[in-house]
Amino acid sequence: MNPRRKSRLYLAIVVLIGVALTAALALYALRSNIDLFYTPSEILQGKGENHLKPEVGQRLRIGGMVMPGSVKRDQQTLQVSFKIYDARGAIDVTYVGILPDLFREGQGVVAQGVLAAGNVVQAKEVLAKHDEKYTPPEVADAMKENHQGPASAYAAPQEGRKS
């Protein structure tokens, strides 16, 4: 092999390694900014065939219906706690801030935040469901499943009970 081809080959290898290293570092850095969507039952029972549950401290988005009678507001601060439920489970959500105008009991919402101990989501943002045509497909599927029965038919799981 002549020296010119050899130097081009080395240059091509170095460029490919550089591109691969840059892509790997970018994906690693973005890993912490990925918010995965979960329904309450997926947080409680796991997602997918392997039943993978989110870890405490993981950023996520949770979608479902606001359970009637679960909204509790602190009179001194802007802290609000409520439950989001679907057909197979309910998750507690805490939020500090002003809720959207469309937020109410029995309404579909998506909360974005961090999973805390005890399957409580500490929300940084709460979005009230506005219109079907602006709903992401996974949220729309979860909402359709939530309408299978009223909130009164749902029995909250007992603490300490293993499922």
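A residue is called buried when its relative accessible area is under 20%, exposed when it is over 50%, and partly exposed in between, with a 1.4 Å probe and protein chains only as cover. By this definition F82 and F103 are both buried.

The structure is a predicted model, in which local features need pLDDT of at least 70, side-chain atom pairs count only at pLDDT 80 or more, and totals for chains, interfaces and linings use all residues. Residues are numbered from 1 along each chain as its sequence is written, and side-chain values use heavy atoms, with hydrogens and water left out. The predictor's confidence in each residue, pLDDT, runs from 0 to 100. Its mean for the protein is 82, and 77% of the residues reach 70 or more.

The ring centres of F82 and F103 are 5.0 Å apart and the planes stand at 65°, so the pair is edge-to-face. Rings of Phe, Tyr and Trp (its six-membered ring) pair if their centres lie within 6.5 Å; planes under 30 degrees apart count as stacked, over 60 as edge-to-face and the rest as tilted. Because F82 lies in strand 4 (residues 79-86) and F103 in the loop between strand 5 (89-96) and strand 6, the pair ties together parts that are 21 residues apart in sequence. Helices (H or I, at least four residues) and strands (E, at least two) are DSSP runs, numbered from the N terminus.

The structure also holds 1 salt bridge, defined as a side-chain nitrogen of Lys or Arg within 4 Å of a carboxyl oxygen of Asp or Glu. Here the side chains of K83 and D92 meet at 3.3 Å, N to O. K83 is partly exposed at 28% relative accessibility, and D92 is partly exposed at 32%.

Most residues other than glycine have a negative phi. H51, which is not a glycine, has a positive phi of about 50° and lies in the loop between helix 2 (40-45) and strand 2 (59-66). N119, also not a glycine, has a positive phi of about 55°; the loop that holds N119 runs between strand 6 (108-116) and strand 7 (120-128).
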